[in-house]
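Have a look at the model first.

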Amino acid sequence: MAVKDYIRERFFPHMWCPGCGHGIVLNSMLRAIDALGLSKNEIVMVSGIGCSSRISGYVDFHSLHTLHGRALAFATGVKLSRPELNVIVPMGDGDALAIGGNHFIHAARRNIDLTAVVMNNRIYGMTGGQYSPLSGQGILATTAPYSNIDSDFDVVDLASAAGATFVARTTTYHARQITDLLKAAILHEGFSVVEVMSQCPTYFGRKNRLGSAVDMVERFKKITTPIGSKAKREHPELIERGIFVQKETTEYCSAYDDVIEKAMKGN
Amino acid sequence: MAKQIKFVQGNEACVEAAIYAGLDFFAGYPITPSTEIAELLSQRLPRKGGKFIQMEDEIASICAIIGASLTGHKVMTATSGPGFSLMQEGLGYAIMAEIPCVIVNVQRGGPSTGLPTHGSQGDVYQARWGTHGDHAIIAMTASSHQDLFQITVEAFNLAETYRTPVILLFDEGIGHMRERLVLPEKGEIPLVERLRTAVKGGVDFHPYLPREDGRLPMADFGGIHRYNVTGLYHDMWGFPSDSPPIVHGLIRHLVDKIHNNVNHIARYKEYHLEDADNIFISYGSAARSALHVVKSQRKKGERLGLLELQTLWPFPYDLVREKCARARFVLVVEMNMGQIVLEVKRAVEKPDRVVLANRVDGVFITDADIRNTLRIIEGKGV
Ligand SMILES: Cc1ncc(C[n+]2csc(CCOP(=O)(O)OP(=O)(O)O)c2C)c(N)n1
Ligand code: SF4
């Protein structure tokens, strides 16, 4: 099918600014779903609140646009009550890791089969450019006019430490890699996290003088490198891209099936 | 067949009723005095193939049940004071997105951590207005385990009928007290099942277009109809909209579907109202003491009556006005600083004849407490 067969054309044009990275994520995600040949009826997209979270309205799946930070909690209810569904959870960085940080680590700990996509633009886009837990020190934001003193999380380290069984990272420059990683993440049975470094030219870019959207995307090429590359050894400050964790352990819903079996025997 | 009779806590009666009503998904977080509901359901649900999950907090709990309701299940969560505060945003979401679910609040003393192991009825207004924005809500309560069973089943029925969250506002007294419960047989209390759309696949389905009777058929997530669900104002497809006619239409629909049906939603019991000079209005465990006083004073020839409210919200103003029309005084018996008493004052013709008999020190309100207020009204002093 063509990408347009997966979107709700009735609801376009979308609300994102020109040059926003969120559209690239949408496009790459639909390509992954198409490549996997999934039926639209078996996909549920659950999102929170933010520019990124509006993605769920545009896709022709079952879509649940929830509360700021709570997407993974809603998604847990959808998945556990109907484990055969593929549940994809796109989130902004603030959505996933500030207000939603607790749900993020607990979903990872449970290893419930959800595909979490962190659309990391290092800023709160929807509310107009405040710093997020992924902004990092030295960043300018509307709430950090003297430059940010908060340290940032590393999404990959955090997700891995919390127990996610599939953890990957890429950027909007590497659109094809987004598709590949999402394919693997959706197929993975367990909690998977894909961080996509994305650009918000309107706030993050403008505040921090990073140039146009194109400049910002090209910058992702310069500041990242594949995991374990020679470039990484020579330039340790480079951010690695690729799959960091991929392991098989018991998935939550299938573990609950065992609970049901035990409970029924004891009846 | 002999009826099954149990001797149980109120919380257990709630669990029995929820299972009777068809509950098959529960998410919760432990908190006194509601914890037994979660504990018992962790045992009972998987036995019937249902799901129980202990979430990381109450925010996650209410979100998880909303998600599970959308896949076509009957869902519930249970909590107390602080946890109910955390659920308010999710409650508003369920109202806005019209997702059937049942939320039990076994009330304890507040504000804040308050009095974890003591009873209170302090959350009546929180149930009404705890979540932000204009809205309507259904909240119900009961004073005995048999009634609690019935009301819990009806809460599930109303949630499905009106596509709305229903709050069960019990209290510590009822939750922890042990009492006889006769389990109704299957079919004895009618059950309302999910109304699913008959629209065929491939035909445009409007999840938010009410039928002529005001009801909105649903389609399960994972089925043939794909649609959007959001907490934003939305059009008939569930797509976000800020168009004034759409916003106006939706808020009116959300409020009207409950308030136009006050009489269908109102549940109450009445004792000796026919000839009563003075009427008690009470609910939940406080109504037990009120009923005692009615019975004992009647023996002494005093003409007292009791209107026990089981539906607190939407408040049955007309009902209260009618029932109190001939009363000299109306005494509202509740364990808070005066919440339902204000609604009763709004309902009756002579609000200055409405008096509060309350107790707020964590101790269950007694016959003596109520009698003292009666004496004051009658100018006898205590
Ligand atoms: C409980 C709550 N607090 C705050 C907000 C306001 N709010 C909406 S979106 C947002 C942050 C969005 O940033 P992010 O999640 O990083 O996504 P982006 O918009 O950058 O894609 C905030 C703070 C809200 N909607 N709800
Ligand atoms: S504000 Fe930023 S994140 Fe939001 S749509 Fe515009 S560019 Fe994208």
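Where in chain B does Ser112(B) lie? Keep in mind that this is a predicted model. Ser112(B) sits in the loop between β5 and β6 of chain B, and its phi is near 55°, a positive value in a residue other than glycine. That's worth a second look, because most residues other than glycine have a negative phi, and most peptide bonds are trans. Ser112(B) counts as exposed, at 63% relative accessibility.

You'll find Pro314(B) in the loop that runs between β14 (311–313) and α12 (317–323).

Now hop over to chain A. Asn111(A) isn't a glycine, yet it has a positive phi of about 55°. Its place is the loop between α5 (101–110) and β4 (115–120) of chain A. Is Asn111(A) buried or exposed? With a relative accessibility of 4%, Asn111(A) counts as buried, because the cut-off for that is under 20%.

Step back and take in chain A as a whole. It's built from 11 helices and 10 strands. Its radius of gyration is 18 Å, close to the 18 Å that the globule rule gives for 267 residues, so chain A is as compact as a globular protein of that length. Of those 267 residues, 58% count as buried. Among contacts in chain A with a separation of 6 or more, 66% come from residues 24 or more positions apart. As for charge, chain A carries 28 positive and 26 negative side chains, and the centres of the two sets lie 5 Å apart.

Leu26(A) is buried, with a relative accessible area of 7%. Leaving out residues up to four places away in sequence, Leu26(A) touches Trp16(A), Ile55(A), Tyr58(A) and Val59(A).

Finally, bring the two chains together. The contact takes 44 residues from chain B and 40 from chain A. Between them the chains bury about 3600 Å², with 61% of it on carbon and sulfur atoms. In chain B, the residues that lose the most area to chain A are Lys51(B), Glu56(B) and Arg226(B), together 20% of what that side buries.

Notes
Residues are numbered from 1 along each chain as its sequence is written. Chains are lettered from A and ligands numbered from 1 in the order in which they are written. This is a predicted model: local features need pLDDT of at least 70, side-chain atom pairs count only at pLDDT 80 or more; totals for chains, interfaces and linings use all residues. Side-chain values use heavy atoms; hydrogens and water are left out. Helices (H or I, at least four residues) and strands (E, at least two) are DSSP runs, numbered from the N terminus. The radius of gyration is taken over C-alpha atoms; the globule rule is 2.2 Å times the number of residues to the power 0.38. Buried means under 20% relative accessible area, exposed over 50%, partly exposed in between (1.4 Å probe, protein chains only). Contact means heavy atoms within 4.5 Å. Lys and Arg count as positive and Asp and Glu as negative; His and the chain ends are not counted. The place of a charge is taken as NZ of Lys, CZ of Arg, CG of Asp or CD of Glu. Buried area is the accessible area (1.4 Å probe) that two parts lose on being put together, summed over both.
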